Amino acid sequence: MELVLVILIDGLVYGLLLFMLSSGLTLIFSMMGVLNFAHASFYMLGAYFAYQISRYMGFWPGLILAPIIVGVAGAAIERFGLRKVHQYGHVPELIFTFGLALLIEEIVQFFWGKNQVPYDAPEVLQFALFSIGTNEIQAYKVFMIAISVLIFLCLLYVLTKTRVGMIIQAALSYPRTVEALGHNVPFIFMGVFGVGTALAGLAGVIAGPQLGTFPGMAFLLGSIVFVTIVIGGLGSLWGALVASLLIGWMTTFAASYNVAMADILMAVGFEMPEEMSEHALRDIWTLTLPQIGPILPYLLMVVILVFRPYGLFGKRDA
Amino acid sequence: MTDTSSIMAKKRSYGGLSTGTVAPWVICTAILLVLPYVFQSNSALTIMNQMAITIVFALAYNMLLGQGGMLSFGHAVYMGMGGFMCMHVMNWVEYENIPLPLPLLPVIGGLFGMGMATIIGSFSTRTAGTVFAMISLGIGELIAASSVIVVAFFGGEEGVSGDRTYGLPVFGYEFLTKIEVYYLTAGWLVLSALLMYLFSRTPVGRMANAVRDNPERAQFLGYSARWVRFYSFCASGFFAGVAGGLFAINFEILTEENLNLVTSGSILLITFLGGVGFFFGPIIGAIVFTLLQSVLSLQTELWQLYVGALFVLTVMYFPGGLAGVLMMHVVPYKLGKLGTLVVPYIKTLIPAAIGILGLASFCELMFHFKHAAVGEHDMSLFGIEFSTHSPIPWIVIIGLTVIGFWLAKRSSAELRETWGNANVMTSSKEGGAQ
């Protein structure tokens, strides 16, 4: 029972982190109609910028400044890169963001090297807040949860209750009509792109100390973020939340419970083969849940795409 | 409908056999035959083998991306699976004495790749666009991850290895030397490139283009967009598998690296760099990329940065790729105005090259300054030795960069104007009459 609680909290931390990335990505998708492959790279940039700032000014200024810098960089890339490629069609756009992801990884390696950089949580938050059984829960984890929930509430409020949010929502669905009403739609798109990348940057700032800040961090999370928004339904904020939490808990549970395939097979009534090393199906017998944990999200995505291409909450075709 | 289409088909096949279409194939085959006599070193042969395999793979990939309009993020799966199967067959030939000559091995890889593509394509080709891209990404990650789990087939971390020389000798050749393998690979390259070209001329290949451009309209004509995509996908899987078989023969080992997202991503990069709009685009892309990879990576640690920058700039400014840039010159050539472009090109490209080299040197200098071992201040660029801690190299390099780009920018206006003139039928009389 205690273990379940701990896993629930760990999964929540991971899921909310995914949500901070996928919420921005899903907004950007509903706006441009194209998936931004470089989204996780902005997450990495956020972590590295925060690390650089924290070396001179400490953790807290980095928490504010790094996402802003990332957001400005993102807006600039939309303005001077993506908008230019947009005229060639969707596939070149997707390929552009793919190339951008490669380039950002190389640039990060250029400036900060290939090894992990020592970016740590602030000392104020380095203590065990409470413990469940023998498992201590770090204060920083609770801080991560708090920040993510706060961001989600802010996003929900801005998008549904304010005038700016209304204009954005209208611009996503009927850009031409909104333009005819006198709003600067390209500017709105640039702003949404900037805010989306800033959110990814913020996720990087708070995840860097927990998951490590190294050049591979974008690649590690990048494809999972896509999987998340595809499962949740492209363009749906609630879908992104549900799918993030689902994936967070699913992978954490799979990593923590050592269920072996051999036990299941024997429970069903199969006989364990004597000569395991030569058996043709030996890999099925030695399979364990932690082994297949990392590929569960991809499996889920393929199944969902085959049977329900809209995703869980999506309204439009991907 | 059958009457007209058969007449059309006849016309096309007769029209296809002109000297204009046959000549490039003959010339390329001749070049492939002669190349080992020009570049005789062992490393050159390795690079050429690598290049040939990449060309086959890139052409197979372009059957999807360029001709079918399907963006795949997991095409390494079909090459890798074909390769792994070939590795196993190679080992069976060795231990069970199956009479299978080595040159036929890629067929098995191809059939296995096609089998995989048939299974996965049966559900992934229902739509093109983002759904297809995402399914291919998911499948790619799944297979790459299972390569560590399913040890029986993928060999786990160390992969599957074998020995190509234990098979049956073919006409006395046992494929012990690199040169024999080169001719085997080159033969398969020509054969599969020719088959892929011919596939693009068949009605299915033509319909793939139509479905790419306007699936709705193709369906109104009575074709199922889904089946057309499925056929292209299977054919592409076959040739990717052939490439995998060639890889198995050349390197005699396949690992998880042959299946993962990095390989899938780099084939996308190669194909797009070469140009997806033309059949020969991926060939150029594969040649340029392999050269960059093998030559540039010896010279500098930063080669991936340069390749990444080149890729992004290509997408932004030349979405047609290198082949597109080449083909842009067909109109001026036909108008007989290619000569007028030479001088402006020299005036713009030489300063631009200086500027780019200056920028690259600046990157190298900064990289050395930041990451070199403590106390190591000396570095050499283009054969010149200097210290990174004196201001002179910095000033020289920044100066060269700025001057190069400034000169290039200044003369680019002239280039643009000449380019505009070279692409229109000028005759001042006609212009005046209007």
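A243(B) is in contact with I53(B), V56(B), F57(B), A60(B) and M79(B), leaving aside neighbours within four places in sequence. Contact means that the C-beta atoms, placed from the backbone, lie within 7 Å. This is a predicted model: local features need pLDDT of at least 70, side-chain atom pairs count only at pLDDT 80 or more, and totals for chains, interfaces and linings use all residues. Residues are numbered from 1 along each chain as its sequence is written, and chains are lettered from A in the order in which they are written.

A243(B) and V56(B) touch the most other members of the largest nonpolar core, which has 183 residues. Helix α1 (residues 2-32) of chain A gives the most to this core, 15 residues. A nonpolar core is a set of buried Ala, Val, Leu, Ile, Met, Phe, Trp, Tyr and Cys residues joined through C-beta atoms within 7 Å. Buried means 20 or more other C-beta atoms within 10 Å of a residue's own; exposed means 12 or fewer, and partly exposed is in between. Helices are DSSP runs (H or I, at least four residues), numbered from the N terminus.

Now the contact between the chains. Chain B brings 33 residues and chain A brings 39 residues. On the chain B side, α6(B) supplies the largest share, 12 residues. The classes on that side are these:

| Class | Residues of chain B touching chain A |
|---|---|
| nonpolar (Ala, Val, Leu, Ile, Met, Phe, Trp, Tyr, Cys, Pro) | 24 residues |
| polar (the others, Gly among them) | 8 residues |
| charged (Asp, Glu, Lys, Arg) | 1 residue |

T288(A) counts as partly exposed because it has 16 C-beta neighbours inside 10 Å.

Note on methods. Helix = DSSP H or I, 4+ residues; strand = E, 2+ residues; numbered from the N terminus. Contact = placed C-beta atoms within 7 Å.
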